[in-house]
Amino acid sequence: MIWKIIYLVLVFVLGWLLTKFILPWMIVRIGRLLGFRMRPTPITARRLARFRSIKRGYWSFVGISTLFVISMFLELIVNEKPLIISYDGRVAVPALNDWASKIPFLGISSFEKKEDFGQPGGSEVDYHLFQEIVENPGLISTELQAAKKKMDRAERSFKKLKEPAPDATERKKKRFATRKAMYERSKAQYAGLQDAEAVFGAGRAWILPTLYPWSAKSHREDLKANPPNSPTLEEKCFLGTTTGGRDVLVQLVYGFRISIAFALLVAAVGYFIGVLVGGMQGYYGGWIDIASQRIVEIWGSIPFLFTIMILAAMIQPGFWMLVILLVVLRSWLGITFYVRGEFYREKSKDYVQAAIASGVSDWKIITKHILPNSIVPVVTFAPFGIVAYISSLVSLDYLGFGLPPGTPSWGDLLKQGLENVQHHPYLIITPVVALAATLFAVVMIGEAVREAFDPKVFSRLR
Amino acid sequence: MHGMTSYFIRRLMLVPVTFIIITFMIYAVFRMAPGGPIEQARVQMLKAAAGEAGGGGGESGGTGMTEEERKSLEEYYQLDKPIPIGYLVWLGFWPNSHKGGKLSGVFWGDFGYSNEHSAPVLDTIISKFPVSIYFGLIGYIASWLVCIPLGIFKALKHRTHFDTLTSIVVFLGYSVPGFVAALVLMLTFGTNNFGMDWFPLGGFRSENWNVMWDQGEFWWCIKDQVHHTFIPLIAYMMASFATMTILMKNSLLDNLGADYVRTAFAKGLPERRVIFIHALRNSLIPICVGIGGAIGLLFAGSFLIEKTCTIDGMGLLGYTSLLKRDYPVLLGILTFGIVLRLLGNILSDIVLALVDPRVRFQ
């Protein structure tokens with residue numbers, strides 16, 4: 001118990017340090033390596049200082065980003081697979097491997113075979129059973145008895161048969177072979193369990209589980225009642241289970257990561273495209289401007305939620321496909337108007353005219369000269385965009401046209417909450433609180449950013 | 001004014017172009033997608049055949065449909081023609097071989113036939129209008145009644161405790177989607193979880209509403225209707241609550257800082273008159289312009305809220321049609337949605353030109 005508290009504190013302290021100091025430092029370093037100055041201009045520095053002075057927005061930002069950074073390491077905190085498992089001198093780190101296996105192109109597997117950890121069979125180790133046996137080695141003797149019975153039975157049925165003669169029928173030979181294999185298998189199993197009993201009994205096996213030893217896809221089979229289970233403290237199921245028997249707390253934290261990552265990706269890619277298109281419109285003007293504005297207008301008239309639902313019903317999108325759909329149909333559109341306006345204004349200014357006159361290429365003028373001066377709408381828009389994209393993902397999941405079934409998501413929890421509104425209120429309360437708190441914090445960030453980057457001064461006479 | 005008329009004419013001319021581009025894309029997607037209408041019909045027939053076989057006992061189900069049936073279905077959905085031709089048939093500018101070679105399509109008011117509802121698509125869609133309009137209209141009016149006074153108060157009490165406190169409510173309203181609010185309300189006031197089972201869990205009216213109405217129980221009927229309206233109404237209001245309130249507040253604050261207000265104060269007009277006659281009139285302009293956008297919501301409803309509260313309007317129709325792959329209805333709803341949105345945009349411009357004489361469109 002005490003180490004769990006220490007672990008939890010450690011997670012938050014490390015997450016905070018990572019978010020506050022290490023990550024910014026790394027970003028600056030990488031930026032410098034890539035040739036950026038990575039030093040704010042006086043205006044930006046003033047804006048950042050103003051943002052920091054707006055406490056509610058700043059602390060929401062620190063809180064949300066810390067939680068998101070921590071959630072990047074969720075496999076090490078909330079996972080069925082243990083941090084360390086040791087059996088008879090063999091040590092494995094399944095949780096770390098599980099985390100690494102999510103990084104593309106590394107090809108790391110977190111699979112550990114049962115046989116290697118004192119459990120007969122070739123499938124994935126049952127870590128919960130392993131822990132139970134570590135805590136109570138007596139458990140294995142009952143299993144040993146069962147294995148012995150099984151072995152005896154296989155032995156008897158095998159011994160009944162005689163070795164078939166070479167000219168015996170094919171059927172007899174086959175029967176003999178299967179019984180022999182069965183006998184040998186059960187014998188090996190029994191021997192394995194005997195070894196296991198010795199290892200567990202001698203205390204040469206131990207396990208260090210994660211903070212909350214359940215995965216997004218694992219079912220709470222330890223609970224006595226049928227799912228959905230209400231939250232119970234004594235069974236350590238703090239937020240209950242879904243209708244499928246999955247732990248709501250786990251769904252919630254993994255859903256947080258997916259939602260924020262999704263929204264960030266959609267915003268980043270969409271705004272990248274939107275800034276390019278808007279910049280082109282504002283910079284070149286003329287027929288490019290008119291034609292692409294019409295296209296944006298036409299594209300914006302598509303009822304986007306309905307269209308995504310229709311497409312999702314046909315292609316059953318995964319995470320990346322859904323990001324692409326939302327970018328293409330929605331997120332690049334709104335920003336173009338503002339960026340276009342900014343570029344339009346900036347282009348007529350002297351410094352741009354001077355750059356044009358001295359023969360700087362269009363691309364360089366757009367990216368190096370104008371863009372840094374017209375980034376304000378993008379920055380002020382992003383938090384509200386993120387709110388919108390999180391809501392979109394939740395809505396799509398809620399309607400059943402979002403991420404594939406089985407993916408942890410808040411929308412899916414809400415859907416189950418609607419279906420069980422009479423008797424399982426926690427299925428609505430928990431996702432709603434999580435959603436409202438997250439979105440509220442992001443809105444606070446957005447308010448503060450807007451206040452800092454684009455302050456409105458209202459002067460009243462009276 | 002001449003420039004303005006030509007502006008609107010140009011905008012109106014853009015509507016068919018936009019309409020054709022979008023609907024063509026969606027039509028093409030429908031045609032190319034797996035599990036299209038033919039597949040759906042085949043599955044349905046298989047199911048029916050299997051059901052009969054199960055009832056009859058033993059005999060194996062049919063192999064789907066005969067070649068002839070397939071042909072007729074293909075012809076009905078114009079699948080035997082290339083996509084552009086099929087689209088033109090759907091639009092009504094190419095002879096429809098199914099209708100005896102006559103022109104028959106959306107342009108002529110023929111949206112096709114829905115097998116799911118056993119009725120023409122247009123009738124199916126129009127039959128959902130009253131419910132959606134009811135909630136859309138009431139929700140919109142209610143949000144005006146709440147947001148405009150609240151926005152005015154917030155502007156007048158800018159940077160006071162009242163402002164801060166209501167800002168929290170507004171931001172909370174902004175962060176919680178309408179359907180989530182509906183869920184919370186249903187949980188709190190629609191079930192007995194907290195001992196406050198005051199409102200029904202969903203539906204537009206009670207099932208015996210029409211009977212009671214015929215019996216002359218008007219009071220009961222009104223009470224029942226109000227009961228069913230409460231939760232969805234708040235959910236609908238949530239959609240525009242935050243943006244409209246903040247819009248109202250900011251626009252009034254802008255105007256209060258403007259020179260003409262300063263002048264009005266300076267020449268000694270009473271504060272009430274300056275604020276409520278001079279400044280308020282101008283700051284209502286952005287709110288009025290929002291009417292165009294509301295048209296879409298008025299007719300199309302909201303999938304999320306209608307699904308959550310099981311209101312049988314356009315949104316729920318779209319949702320169930322999607323689940324059942326009722327393509328003609330889906331295309332019909334999309335068509336309506338697009339047209340309403342395009343017209344709404346133009347309506348916004350017209351309203352802006354009407355209420356704000358300074359505006360000149362080029």
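This is a predicted model: local features need pLDDT of at least 70, side-chain atom pairs count only at pLDDT 80 or more; totals for chains, interfaces and linings use all residues.
**Ground rules.** I kept in mind that local features need pLDDT of at least 70 and side-chain atom pairs pLDDT 80 or more, while totals for chains, interfaces and linings use all residues. Residues are numbered from 1 along each chain as its sequence is written, chains are lettered from A and ligands numbered from 1 in the order in which they are written, and side-chain values use heavy atoms, with hydrogens and water left out.

**Chain B, overall.** I looked up the secondary structure and got 16 helices and 4 strands; these are DSSP runs, numbered from the N terminus (helices H or I, at least four residues; strands E, at least two). Chain B has 362 residues, and 48% of them count as buried. My cut-offs are under 20% relative accessible area for buried, over 50% for exposed and partly exposed in between, with a 1.4 Å probe and protein chains only. The accessible surface of chain B is about 18,100 Å², with 65% of it on carbon and sulfur atoms; areas come from the Shrake-Rupley method with a 1.4 Å probe, and for residues only the protein chains shown count as cover. For contacts (heavy atoms within 4.5 Å), I took those in chain B with a separation of 6 or more: 66% are between residues 24 or more positions apart.

**Salt bridges, chain B.** I used a side-chain nitrogen of Lys or Arg within 4 Å of a carboxyl oxygen of Asp or Glu. That gives 19 salt bridges over all chains. I went to Asp163(B), which pairs with Lys154(B) at 2.9 Å between the closest N and O atoms. Asp163(B) is buried at 5% relative accessible area, and Lys154(B) is buried too, at 0%. Asp163(B) also meets Lys249(B), N to O 3.3 Å. This second pair links distant parts of the chain, 86 residues apart: Asp163(B) sits in helix H6 (161–175) and Lys249(B) in helix H9 (218–256) of chain B.

**Salt bridges, chain A.** Which residues are linked in a network with Glu75(A)? I found Lys102(A) and Arg257(A). The Glu75(A)–Arg257(A) bridge has an N to O distance of 2.9 Å. Glu75(A) lies in the loop between helix H3 (55–71) and strand E1 (84–87), and Arg257(A) in helix H8 (248–284), so this pair ties together parts of chain A that are 182 residues apart in sequence. Glu75(A) is buried at 1%, and Arg257(A) is buried at 14%.

**Negative patch.** I noted Asp126(A), Glu132(A), Glu135(A) and Glu221(A) forming a negative surface patch. Patch members need over 30% relative accessible area and no salt bridge, with like charges joined within 9 Å. Glu135(A) is in helix H5 (127–135) of chain A, and it is exposed at 59%.

Where is the cis peptide bond? I found it joining Pro227(A) and Pro228(A), omega about -5°; Pro228(A) is in the loop between strand E3 (205–208) and H8. Then I checked positive phi outside glycine. Phe105(A) has a phi of about 70°, lies in the loop between helix H4 (94–101) and H5, and is exposed at 85%. Gln316(A) has a phi of about 45°, is found in the loop between helix H10 (304–315) and helix H11 (319–331), and is exposed at 59%.

How values were computed. Patches are made of residues with over 30% relative accessible area and no salt bridge: like charges are joined within 9 Å, nonpolar side chains (Val, Leu, Ile, Met, Phe, Trp, Tyr) within 5 Å. Lys and Arg count as positive and Asp and Glu as negative; His and the chain ends are not counted. The place of a charge is taken as NZ of Lys, CZ of Arg, CG of Asp or CD of Glu.
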